[in-house]
Amino acid sequence: MQDALFGDEEVVDPTWSVADLSKAIGSVLEQAFPGEIWVRGEIRELPPPGDGRRARPHLYFDLIEPAPPGQRPRAVLPVVLWSTDRRRVNADLRRSGVRVSAMDNGVDVRIRGRIRWWAPGGRPQLQMTGIDPEYTLGRLAADRAAVLAALDADGLLDRNGRLPLPPVPTRIGLVTSLGSAAQADVRRVLEAAGLSHLLVEADARTQGPAAADTVPAAIEAVVAAGAELVLLVRGGGSRVELAAFDVEVIARAVATCPVPVVTGIGHEIDDSVADRVAHTACATPTGAAALVVAGVGAARDRTEALWAAVGAAARRAARAQDEQLARRGRQIVSHAGGSLRAAEAGHRSLSARLRQRGPAGLARADARLDALGTSLGRGVRRDLGEADRRVTAAAAVLARRPGPLLDRAGRELVGVEARVRAVDPARALARGWSMTYRADGTLVRAAAEVAAGDELVTHLAAGRVRSRVVGTDAGEGGSDDA
């Protein structure tokens with residue numbers, strides 16, 4: 001603190017250096033919290049196992065008062081665990097059965113320490129000196145009971161368990177931390193059974209706060225990919241490490257999954273809320289995979305048994321049919337033999353009767369044929385006589401009628417002959433007549449039919465005369481040219 005510059009009367013506001021003020025705040029904190037105190041809260045900003053910062057001697061993280069999802073924490077208190085105190089805290093955890101690696105983000109803890117002012121960082125700090133493992137475990141148990149009560153109230157405890165387990169799933173969803181021993185165990189069992197090709201895998205955090213987001217998303221992803229069965233598996237761990245599977249959002253994702261969920265979380269002694277709401281809870285990831293393999297094997301055995309039963313039934317039916325066919329065959333042979341024997345007997349009897357009755361029958365047939373021939377002969381002779389008489393009568397009529405007819409025809413023929421001779425051109429030519437034709441052979445009947453210069457041919461009784469017209473005389477009213 002600085003002295004007044006102008007006498008005792010003047011009042012000047014004190015001015016602090018940063019170091020003095022920081023030291024004063026530290027003294028106030030020490031006076032307010034002189035000893036160690038217990039503080040409960042949720043771990044945040046703790047480097048995860050495997051991170052290089054976690055291997056340093058001193059460990060830094062925050063203790064927070066969580067707020068609803070998506071909101072900033074209500075309060076944050078930086079914590080430092082010095083190396084000297086860290087060994088003791090880890091020993092206390094191990095004695096309580098809690099693995100040191102279980103101390104992770106999201107774990108609700110009750111820790112002991114001193115409140116001090118960290119001048120280089122300009123903030124208060126809880127210097128951790130101890131931890132209450134029983135608180136963490138008790139808190140986990142209380143939270144677990146609350147989640148189970150909420151699920152029970154919504155009727156979700158056995159919802160997934162009522163779904164039918166597919167005997168031979170065509171797709172098997174695997175939700176776990178890819179690359180983990182749990183994934184390797186599941187793949188090994190399924191590969192040995194020849195079922196690894198059915199796997200649809202999705203990565204998820206199986207510890208810490210990130211599990212609440214990634215596990216439900218992974219379950220939804222494998223179901224969307226066609227999984228008919230989901231394996232949710234994680235290797236062994238402490239109660240704190242497995243606490244993620246007691247989170248309500250994960251339990252609800254398992255309970256409301258549309259396909260059966262088989263869990264294999266931790267070891268045989270572990271029992272999470274996810275196990276309680278799953279279709280089937282197996283002790284280990286290997287056990288979950290073995291359950292699927294056993295189901296497929298049982299389905300295969302049932303199928304083979306059914307096929308064997310079908311084959312046996314078919315063979316029995318075939319034998320029965322064979323026996324029935326054999327009986328029918330024997331019956332047919334028996335009936336056919338009887339029929340043949342009866343036919344042979346009938347044939348022999350008929351032959352005997354024919355041999356006995358043949359000559360007499362032939363004699364009677366000959367007599368009937370002779371009588372029939374005689375009757376036919378008489379009829380034929382009668383018909384022929386009648387026909388002969390008709391022909392004779394017709395011939396007599398014809399013999400009487402031809403004479404007058406021929407006389408009349410002869411007379412008519414003589415008249416015709418006389419008329420023909422009268423018009424015979426040869427007789428006319430012999431009497432001195434002639435016939436004149438033009439060069440084209442047409443008969444000239446009048447002088448007007450020719451003209452001067454025309455060549456004419458005149459036929460006489462003996463020979464022909466060729467001439468040329470020098471003139472014509474048409475007679476009355478005709479030309480004088482000749």
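**A helix and its packing**

Modeller: Happy to! In helix H3, the buried residues are Pro133, Tyr135, Thr136, Leu137, Leu140, Arg144, Val147, Leu148 and Leu151. Buried means under 20% relative accessible area, with exposed over 50% and partly exposed in between (1.4 Å probe, protein chains only). Please keep in mind that this is a predicted model, where local features need pLDDT of at least 70 and side-chain atom pairs count only at pLDDT 80 or more, while totals for chains, interfaces and linings use all residues. Residues are numbered from 1 along each chain as its sequence is written, and side-chain values use heavy atoms, leaving out hydrogens and water.

Helices (H or I, at least four residues) and strands (E, at least two) are DSSP runs numbered from the N terminus. An α-helix has 3.6 residues a turn, so residues three or four places apart point the same way. The buried residues of H3 pack (contact means heavy atoms within 4.5 Å) against strands E1 (37–44), E4 (108–118) and E5 (123–131), and against helices H2 (83–95), H6 (248–255) and H7 (273–277).

What about its length? H3 covers residues 133–153, and its 21 residues should span 30 Å at 1.5 Å a residue; its end C-alpha atoms are 30 Å apart, so the two agree. That expected span is 1.5 Å times one less than the number of residues. Just after H3, Gly155 has a positive phi of about 70°.

Val79 counts as buried because its relative accessibility is 1%. Among the residues Val79 touches are Ile111, Leu126 and Met128.
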